[in-house]
Amino acid sequence: MKELVPSPPPIVRNDVAAIQALYQQNVVPSYGRFDLVFSHGSGSYLYDVTGKRYLDLGGGIAVCCLGHAHPAITETLIEQSRRLVHVSNLYYTEPQGRLASALVKLLGPGKCFFANSGGEANEGLFKLARKFGHDEGRFEILTAVNSFHGRTLAGIAATGQEKVKKGFEPAVAGFRHIPFNDLPAARDAISPATVAILIEGVQGEGGITVATPEYLLGLRALCDEKKLLLLMDGVQCGCFRTGRFQSYQRILENAERGTRNAGSFTPDGVSMAKSLGGGFPIGAFWVRAEAHGVKLCDLLGPGTHATTYGGTPLACAVALRVLEVVEREGLADNARQLGAWLLGELQSLVNRYPQVLHTVRGLGLMIGLELVAKERIPAFASSDKSAAIQFVNRLHEAGLLVIPAGTQVVRLLPALNLRRSEAEEGLAIVERVVKALAGAAD
Ligand SMILES: Cc1ncc(COP(=O)(O)O)c(C=O)c1O
């Protein structure tokens with residue numbers, strides 16, 4: 001195509017300090033960023049502006065499920081944007097209808113609402129719960145200690161971590177936290193105002209903690225008994241990361257046959273985002289067709305909930321393509337098998353280097369490696385930075401990207417199409433760094 005206007009000169013050279021200066025002067029400093037400036041990526045590798053290559057086992061925090069610059073995503077973005085990018089939700093478009101149908105097939109009878117992020121998807125679930133309990137004066141949502149549900153005002157009220165709430169009081173009313181994987185505590189916490197329980201199947205930001213099958217089944221029974229909605233935040237642990245579309249499907253697949261509800265466990269709502277678009281922003285929530293005698297999926301009627309960009313043909317076309325590639329390439333099985341292998345190998349590192357590594361846990365390609373207390377690692381002890389941050393910095397130097405969670409844990413949330421050879425390469429880097437730290441500790 002003939003250029004209508006000449007291209008502008010590059011704003012900055014590919015220069016780390018110049019790019020960082022643009023941020024310092026112009027971007028709100030709400031993120032603690034690492035000193036890395038990326039220019040491009042391919043598959044599970046990222047390249048910084050100096051040309052250094054990194055193996056990316058963080059996946060943009062569980063987002064880039066097909067890796068970087070996947071041709072299927074690029075093609076879909078080009079093809080769909082040539083046809084139609086946005087029309088608003090005043091009208092119908094085929095990709096939104098097809099994506100909703102695909103998600104309903106994966107989750108069960110119900111309907112979907114499309115948003116732009118995980119936080120926004122959760123906001124929709126909060127509104128659904130409030131609408132459900134409104135006429136009975138019930139509005140309170142119980143969430144778990146150490147949970148993470150987003151950075152909106154209701155999201156930080158829902159999140160079970162004090163650090164996200166500090167400085168933003170007063171908190172949105174109607175959220176209380178219960179210890180995770182503790183069924184009696186959930187039962188005790190229910191008040192006459194309680195309307196829903198929201199949990200992650202695998203807590204992500206909280207440091208990778210997997211819900212037990214007994215907890216999930218017990219919460220379902222409790223919600224049935226007390227007329228509450230059971231809501232699952234699948235933003236980080238969903239979209240095949242654990243080996244099934246949703247983590248609860250994976251967690252419950254080994255629940256003994258005949259166990260009450262094991263085969264038919266269905267939550268009342270599920271939020272999604274992150275890997276759903278493989279890097280293109282999209283969020284969604286699914287609502288069960290019926291719950292407690294109410295047609296739940298039609299509760300949010302015309303005029304009750306909306307978002308301008310929700311479910312654009314462009315975002316939905318990309319998400320459909322991601323689902324297609326995941327299925328065609330068997331990436332759920334890859335997440336399951338490679339994840340299990342990685343977990344086993346990391347466990348062996350934990351056994352060999354107890355001076356540095358405390359424990360490892362996870363499900364599929366969602367793995368948390370917990371370090372021992374900073375004071376026990378001589379190379380880390382005198383710094384005011386957390387053990388997790390210092391460990392991540394050393395991995396960066398060695399060419400590996402992983403994601404910190406809290407002060408002690410680093411997370412592996414790689415692309416679902418990660419290769420065995422790449423996982424081996426990552427493991428070797430982790431071992432090298434751990435070995436050096438252990439050497440200094442001996
Ligand atoms: C479990 C969970 N819920 C919600 C969110 C918020 O998603 P977003 O950052 O897209 O708003 C996150 C983000 O990390 C998350 O991990």
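Figure 1. A polar side-chain atom of Q236 lies 2.8 Å from an oxygen atom of the ligand. The protein covers 81% of the 390 Å² of accessible area that the ligand has on its own; such areas are computed by the Shrake-Rupley method with a 1.4 Å probe, and for residues only the protein chains shown count as cover. This is a predicted model, in which local features need pLDDT of at least 70 and side-chain atom pairs count only at pLDDT 80 or more, while totals for chains, interfaces and linings use all residues. Residues are numbered from 1 along each chain as its sequence is written, and side-chain values use heavy atoms, with hydrogens and water left out. An N or O atom in the side chain of D233 is 2.7 Å from a nitrogen atom of the ligand. G119 takes part through its backbone, where an N or O atom lies 2.7 Å from an oxygen atom of the ligand. A polar contact is a pair of N or O atoms within 3.5 Å; within protein, one atom must be able to donate a hydrogen and the other to accept it, and residues adjacent in sequence count only if both atoms are side-chain atoms.

**Figure 2. The shell of residues around the ligand.** Of the 13 residues around the ligand, G118, G119, D233, Q236 and K274 come nearest; a residue is near if one of its heavy atoms lies within 4 Å. Helix 5 (residues 118–133) gives the most to this shell, with three residues. Helices (H or I, at least four residues) and strands (E, at least two) are DSSP runs, numbered from the N terminus. By class, the shell has two nonpolar, seven polar and four charged residues. Here Ala, Val, Leu, Ile, Met, Phe, Trp, Tyr, Cys and Pro count as nonpolar, Asp, Glu, Lys and Arg as charged, and the others, Gly among them, as polar.

**Figure 3. The salt bridge between D268 and R288.** The two side chains meet at 3.0 Å, N to O. D268 lies in the loop between helix 9 (247–252) and strand 11 (269–272), and R288 in strand 12 (residues 283–288), so the pair ties together parts that are 20 residues apart in sequence. A salt bridge is a side-chain nitrogen of Lys or Arg within 4 Å of a carboxyl oxygen of Asp or Glu, and the count by this rule comes to 23. D268 is buried, with a relative accessible area of 0%, whereas R288 is partly exposed at 23%. Buried means under 20% relative accessible area, exposed over 50%, and partly exposed in between (1.4 Å probe, protein chains only).

**Figure 4. Further salt bridges.** R361 and E370 are joined at 2.9 Å, N to O; R361 is partly exposed at 24% relative accessibility, and E370 is buried at 18%. The side chains of E422 and R419 meet at 3.6 Å, N to O. E422 is buried, with 6% relative accessibility, while R419 is exposed, with 54%. E75, R321, E324, R328 and E329 are linked in a network of salt bridges.

**Figure 5. R352 in helix 11.** R352 belongs to helix 11 (residues 331–352) and is partly exposed, because its relative accessibility is 45%. Its side chain is joined to that of E431 by a polar contact of 2.9 Å. R352 and G293 are 59 residues apart in sequence and 55 Å apart in space, C-alpha to C-alpha.
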